[in-house]
Amino acid sequence: MPELPPVADLLATAVHALGGKERTGQTTMASAVDHAIDTKEHLAVQAGTGTGKSLAYLVPSLRHAVRTGRTVVVSTATIALQRQLVDRDLPRLSEALSKPLGRTPQFAILKGRNNYLCLNKINSVIPEDTGEAELFDAFAISRLGREVQRLNEWASDTETGDRDELAPGVTDRAWRQVSVSSRECLGKSRCQFGQDCFAEKARTESAQADVVVTNHALLAIDAISGIQVLPEHDVVVIDEAHELVDRVTGVATAELAAPAITAAARRCTKLIDEREVDRLEGAAEGFHQALEELPPARWDRLPDGIAPVLALVRDAAWNARTAIAPQGTVKTQDDPDNAAARTMAVAALDDVHDAAVRALTAFEEPDPAARRDVIWLAADELRGVARRTLRMAPLSVGGLLRSRLFGTATVVLTSATLQIGGSFDGLAITWGLPSQSGGKVDPALANGATAPADLESVRWSSLDVGSPFDHAKSGILYVAKHLPAPGRDGLSPTYLDEIEQLITAAGGRTLGLFSSMRAAKAATEALRERLDTPVLCQGDDSMGALVRKFADDPATSLFGTLTLWQGVDVPGPSLSLVILDRIPFPRPDDPLLTARQRAVESRGGNGFMSVAANHAALLLAQGTGRLLRSVDDRGVVAILDSRIATARYGSYLRASLPPYWETTDPEVVAKALRRLTASA
């Protein structure tokens, strides 16, 4: 193959073809990504909004794939970014670079199997268990029926079977009626619809692609399961990398609840001896009764009487599974419906059995800080029906990522927010990478898998390419230092007064980010009575509809929770003020984060700063980043929590935020907002 043009030339060609303009940060990032791929050294890049980071990693990725014939995997946290890459960036980029690269690069998107419609299931007579709560809900049943009917009609028209292409969408309950997990799948060779399977077609297409776009969850499954889900690859680009640990933790989390055990038993009806089904249902009832007597809390040991109950669940599930598949696997010589029913029953039984085993063995390590899993009992409410659920999550996924991700490919991690407190180390340590500041990786944050013996052999570098925005001239960071520290009793009248004055000065145009849904709703109710401008609240409508209404009417304000509004992108005059009611520390009763905090402290570290402050800093950076979405935007970020100005950790949190001009003077801010309103 003739020598390909350097990345700088390819990027210039792409930018010109796409009608863009050269950006220093984008050029710097593309060069760094190219260098990382060549040297096989991992790279973390912070690239602010407006940098054009997708082109900066896609151009060197495509060049590498075409030159070597190896696939590059690009992983994202959100569907929105996946769609941007597959529907907009990659098609235009492939066309623009086809001539200098000598051929048109190929790309594909790959998701987990349960994101695709299953032809075998939709053509079979196997119903999905809808749960006890819906047996007495006629409206839910009728809605479910209508949605499934629409899915049946869509199955005849869709070319991909991809759930994300179904508009409008359907509920999770309806989708479960027509989809299967990887465990429930019969397999291409054993399924009567194997040749037409949507999931298999996507896998086949991805195997031929130069770049495969996927999500963090599937990336985690590929790493955790030990089964190759993604095509062979030697480079992984992780966009929205600040979400990586939470998404991998979510995939590695298991749960056990009585309704799930009962549902598994129902799947076994007519497949095995009735006595085995009764035994499993009895185990479910015993588990339910045992959990009802316990308070929701993290478990530092197995409560008295729980071990025999879990053992009964484990044994009953295993006996039922053995009865269905004596040789370990389901025989598929019989009719397709029977084979599918057996496969799905085995999958449900495996989930129950494995969760029970995981809970029983979690406490074998006597030192709580050295245990791999955190176990807690949660009190949930599902469609008005209360239930207790036992949850199990890894204390850390750092070791897993270090051995199964960083140990197998060159990894580029990027996001607009990767530096916490002015350093990449906060996130890097949770990824299982060695600290750049010279400190050692805390073993409490590196559980989950056998890691390379020599941490220093894991080489990585970091780079902050900045932002095209002049934050100090475009935005003000206002800290309401005069307000009392927030309490536990909700928003006080002084807080509501402050919010009213700020929104009035801004003429609406406000995104209010609150620490809880209760606070957001309380503020909405109070401010609707005080203001002459409209106030929308999360939950009033779908997120997409709310954002459209907010963007279309500059006088409108939109309130919601900080964690769910990280992706709001509203450039222009409709957003001039972002309000955060308090520092978003994790809840003091969050079982996983408090366990991680305790693990750090047991080894002499500062658990509060390593876990709680880092958690808050990342969310603050995401929330305050909503203000400036284009180079012409102007506005104010108002943080109503005075602790960010008065507490010792305040400077650490402020160092994680964009470099806005700072003030604590409310009159200065009010005047600035009134000027912006007048000029809009």
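**Briefing: cavities, cores and a buried strand**

Helix 5 (119-122), helix 8 (198-207) and helix 14 (336-361) each contribute at least two residues to the lining of the largest cavity. The model is predicted.

**The largest cavity**

- The largest cavity holds about 220 Å³ of space.
- Its lining consists of 23 residues, and those nearest the centre are C118, N120, V180, C185 and C191.
- Helix 5 gives the most to this lining, namely three residues.
- Sorted by class, the lining of the largest cavity comprises 14 nonpolar, four polar and five charged residues.

**The second largest cavity**

- The second largest cavity has a volume of about 90 Å³.
- It is lined by 14 residues, of which P368, R371, D373, V374 and R598 are the closest to its centre.
- Strand 7 (297-299), strand 8 (373-382) and helix 21 (591-602) each provide at least two residues of this lining.
- The lining of the second largest cavity has nine nonpolar and five charged residues, but no polar ones.

**The nonpolar cores**

- In soluble globular proteins, nonpolar side chains tend to be buried together.
- The largest nonpolar core in this model contains 83 residues, and L117, I238 and W431 have the most contacts inside it.
- When neighbours within four places in sequence are left aside, W431 is in contact with A44, A241, L244, V245, G398, L401, R402, F406, L413 and L418.
- A second, separate core has 42 residues, among them V313, A325, V346 and F363.

- Strand 1 (residues 42-46) is mostly covered, as five of its five residues are buried.
- In a regular strand the side chains alternate between the two faces of the sheet.
- In strand 1, H42, A44 and Q46 point one way, while L43 and V45 point the other way; all of them are buried.
- Strand 1 runs parallel to strand 11 (residues 460-464), and five bridges join the two.
- Within this pairing, Q46 stands opposite D464 of strand 11.
- Strand 1 also pairs in the parallel sense with strand 10 (residues 410-415), over four bridges.
- The bridge partner of A44 in strand 10 is L413, and both A44 and L413 are in contact with W431.

Conventions:
Residues numbered from 1 in each chain as written. Predicted model: local features only at pLDDT ≥ 70, side-chain atom pairs only at ≥ 80, totals over all residues. Heavy atoms only, no water. 1 Å grid on protein atoms, 1.4 Å probe; cavity = no way out; pocket = protein on both sides within 12 Å on 5 of 7 lines; lining within 4 Å. Points joined across faces, edges and corners; volume = space filled by probe spheres on them. Nonpolar A, V, L, I, M, F, W, Y, C, P; charged D, E, K, R; others polar. Core = buried A, V, L, I, M, F, W, Y, C linked by side-chain atoms within 4.5 Å. Buried < 20%, exposed > 50% of the residue type's maximum accessible area, 1.4 Å probe, protein only. Contact = heavy atoms within 4.5 Å. Pairing = 2+ DSSP bridges.
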